[in-house]
There are 2 protein chains.
Amino acid sequence: MKILIIEDDKLLAESLQTLLELKGFEVEVVYDGEDGAEYAETGVYDLLIMDVMMPKLGGYQVARQVRTHRVTTPILMLTAKGEVQDRIEGLNAGADYYLTKPFDNMELLACINALLRRQGDQVDVLRYGNTALDLTGYVLSTEESSIRLSKKEFDVMRRLMQYQGRSIRKDVLLVQVWGYESNATENNVEAYVGFLRKKLKSIGSDLRIESIRLLGYHLEVVKP
Amino acid sequence: MKILIIEDDKLLAESLQTLLELKGFEVEVVYDGEDGAEYAETGVYDLLIMDVMMPKLGGYQVARQVRTHRVTTPILMLTAKGEVQDRIEGLNAGADYYLTKPFDNMELLACINALLRRQGDQVDVLRYGNTALDLTGYVLSTEESSIRLSKKEFDVMRRLMQYQGRSIRKDVLLVQVWGYESNATENNVEAYVGFLRKKLKSIGSDLRIESIRLLGYHLEVVKP
DNA sequence: CTGCTTTTTCAGAGATGTTTCAGCCGCTGG
DNA sequence: CCAGCGGCTGAAACATCTCTGAAAAAGCAG
């Protein structure tokens with residue numbers, strides 16, 4: 001579970017980082033809005049936490065920009081500005097929650113959980129069609145049978161299922177699963193899609209991974 | 001868009017109802033937690049707004065119960081209890097947002113929008129006539145059927161639809177889709193317009209790509 | 001170290017999208 | 001009425017992308 005913190009107050013940023021890492025999140029920190037927007041737009045994070053007042057690009061602008069680029073990662077806005085007007089502006093800019101400083105650590109964690117829960121990550125099975133993916137054990141199953149997935153197979157499958165009908169670009173999938181420092185190529189994605197198609201068929205799933213040339217993939221329930 | 005309000009203060013409930021109906025939502029109101037939980041569990045609502053302190057069953061219990069029954073409708077908690085402890089408890093019980101009374105109407109609406117936005121109800125489509133172009137999946141569809149487009153077909157179609165009735169010059173289209181450096185000719189555009197006309201007809205679209213001599217094209221809805 | 005699983009790499013086959021081109025059609029203007 | 005231009009279309013050639021199977025490499029547990 002990856003979280004990006006965009007916060008210019010280094011002290012606060014660090015304490016947040018420590019807190020979240022303690023809770024088992026993978027955390028990255030950047031110190032201004034411009035970097036923030038750039039990182040956030042990769043779409044590899046599960047949550048963005050950002051300050052409103054920052055150098056170069058304010059939180060509202062970052063949120064707007066990120067949303068304009070069709071990135072749907074939940075945004076938690078964190079700020080000293082507590083006026084109603086500010087809260088409204090933040091929410092309308094694309095934030096999902098507005099928390100006023102000073103805030104309690106436990107409250108922050110509760111918010112994060114609420115946001116991630118909604119993201120559908122907190123559930124322990126994803127279902128689509130006649131098929132279920134057990135998030136705790138890397139097992140893919142239908143009524144009639146089930147099969148183990150390797151970690152990478154699982155990662156790819158999870159993303160595909162999370163998109164429920166919409167299509168995913170191959171390069172996005174690549175960066176989400178392999179990270180962007182990796183030297184894996186899109187052919188790796190193709191290989192894993194191949195593995196998954198085989199396994200889906202072997203358990204009699206009604207799911208089909210359609211490919212869309214020059215775009216990516218699309219998980220589909222095929223009517224019998 | 002259906003909203004359920006669970007609130008025992010009839011005055012407040014009514015003013016909320018009026019406000020939301022004015023904004024075009026379909027609103028139902030119940031006055032205690034027991035009814036609230038029962039209604040909410042049907043899962044037909046797009047959003048639940050509930051008070052914390054209520055007769056029979058408190059807001060936290062309602063939230064917990066609803067979530068236990070695997071209903072994922074977003075919950076907005078509305079309450080006079082503003083203590084950190086309360087907010088944490090609310091969020092942990094399954095709420096998605098915690099708003100403290102008294103609140104501003106505009107802020108409430110901003111929250112509601114944020115929650116519904118996340119609900120994934122916003123899809124990326126361009127519409128014109130009876131026809132929709134799915135921007136994420138290169139799919140062109142009408143009520144009765146749909147068909148996949150290739151990337152270039154999609155690019156051309158998107159431009160045509162974006163111009164909504166105004167006409168586009170062929171050379172502009174050429175540059176927009178193939179880029180400056182390309183050695184494609186206007187005949188390429190013509191070829192793709194041909195492909196698109198075929199596909200539009202095949203799905204029973206009421207859109208027609210008219211050509212305008214020496215100028216370019218023009219997307220038109222043709223009345224039956 | 002050994003044997004097993006997972007992940008990566010690679011190259012050829014196959015599928016699909018794109019471009020090209022020639023011929024046809026119809027409009028336009030002399 | 002006819003020549004000429006712009007626009008349309010189908011077929012073929014071409015260019016790319018995607019898939020696949022096999023093999024190499026990397027991890028991992030015993």
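How many nonpolar, polar and charged residues does the surface near DNA strand C have? By class, that surface has five nonpolar, 10 polar and seven charged residues. A word on the classes: Ala, Val, Leu, Ile, Met, Phe, Trp, Tyr, Cys and Pro count as nonpolar, Asp, Glu, Lys and Arg as charged, and the others, Gly among them, as polar.

Before we go on, some ground rules. What you're looking at is a predicted model, where local features need pLDDT of at least 70, side-chain atom pairs count only at pLDDT 80 or more, and totals for chains, interfaces and linings use all residues. Residues are numbered from 1 along each chain as its sequence is written, while chains are lettered from A and ligands numbered from 1 in the order in which they are written.

Let's stay with the DNA for a moment. There are 22 residues around DNA strand C, and S150(A), K151(A), K152(A), S150(B) and K152(B) come nearest. Here "near" has a cut-off: the C-beta atom of the residue, placed from the backbone, lies within 6 Å of the molecule or strand. α6 (151-162) and α8 of chain A, along with α6 and α8 of chain B, each supply at least two residues of this surface. (Helices are DSSP runs of H or I with at least four residues, strands are runs of E with at least two, and both are numbered from the N terminus.)

Now turn to DNA strand D. It is surrounded by 18 residues, and the closest are E190(A), G194(A), S211(A), G194(B) and S211(B). The elements giving two or more residues to this surface are α8 (186-202) of chain A and α8 (186-202) of chain B. Sorted by class, the surface near DNA strand D has six nonpolar, six polar and six charged residues.

Next, take chain A as a whole. You can count eight helices and 12 strands in chain A. Its radius of gyration is 19 Å, close to the 17 Å that the globule rule gives for 224 residues, so chain A is as compact as a globular protein of that length. That radius is taken over C-alpha atoms, and the globule rule is 2.2 Å times the number of residues to the power 0.38. Along the principal axes, the C-alpha atoms of chain A fill a box of roughly 55 × 35 × 30 Å.

How do the helices of chain A sit against each other? Start with α3(A) and α4(A): their axes come within 8 Å and cross at roughly 20°. Axes here are lines fitted to C-alpha atoms, for helices over the stretch in contact, and angles run from 0 to 180 degrees between N-to-C directions. α3(A) and α4(A) are therefore roughly parallel to each other. The labels work like this: angles under 35 degrees count as roughly parallel, over 145 as roughly antiparallel, 65 to 115 as roughly perpendicular and the rest as oblique. In this pair, Y60(A), A63(A) and R64(A) of α3(A) meet E89(A), G90(A) and A93(A) of α4(A). Residues are in contact if their C-beta atoms, placed from the backbone, lie within 7 Å.

The axes of α6(A) and α8(A) come within 10 Å and cross at roughly 90°, which makes α6(A) roughly perpendicular to α8(A). K152(A), E153(A), V156(A) and M157(A) from α6(A) meet Y192(A), V193(A), F195(A) and L196(A) from α8(A). Those residues split into six nonpolar, no polar and two charged.

Over in chain B, the axes of α6 (residues 151-162) and α7 (residues 170-178) come within 10 Å and cross at roughly 130°. That makes α6(B) oblique to α7(B). On the α6(B) side the contact is made by K152(B), D155(B), V156(B) and R159(B), and on the α7(B) side by L173(B), Q176(B) and V177(B).

The two protein chains also touch: 22 residues of chain B are in contact with 23 residues of chain A. On the chain B side, α4 (84-93) and α5 (105-121) are the elements that give two or more residues. The largest share, seven residues, comes from α5(B).

Most residues other than glycine have a negative phi, and most peptide bonds are trans. The bond from K101(A) to P102(A), though, is cis, with omega near -5°, and P102(A) is in the loop between β5 (97-100) and α5 (105-118) of chain A. In chain B, a cis peptide bond joins K101(B) and P102(B), with omega about -5°. K56(A) isn't a glycine, yet it has a positive phi of about 70°.
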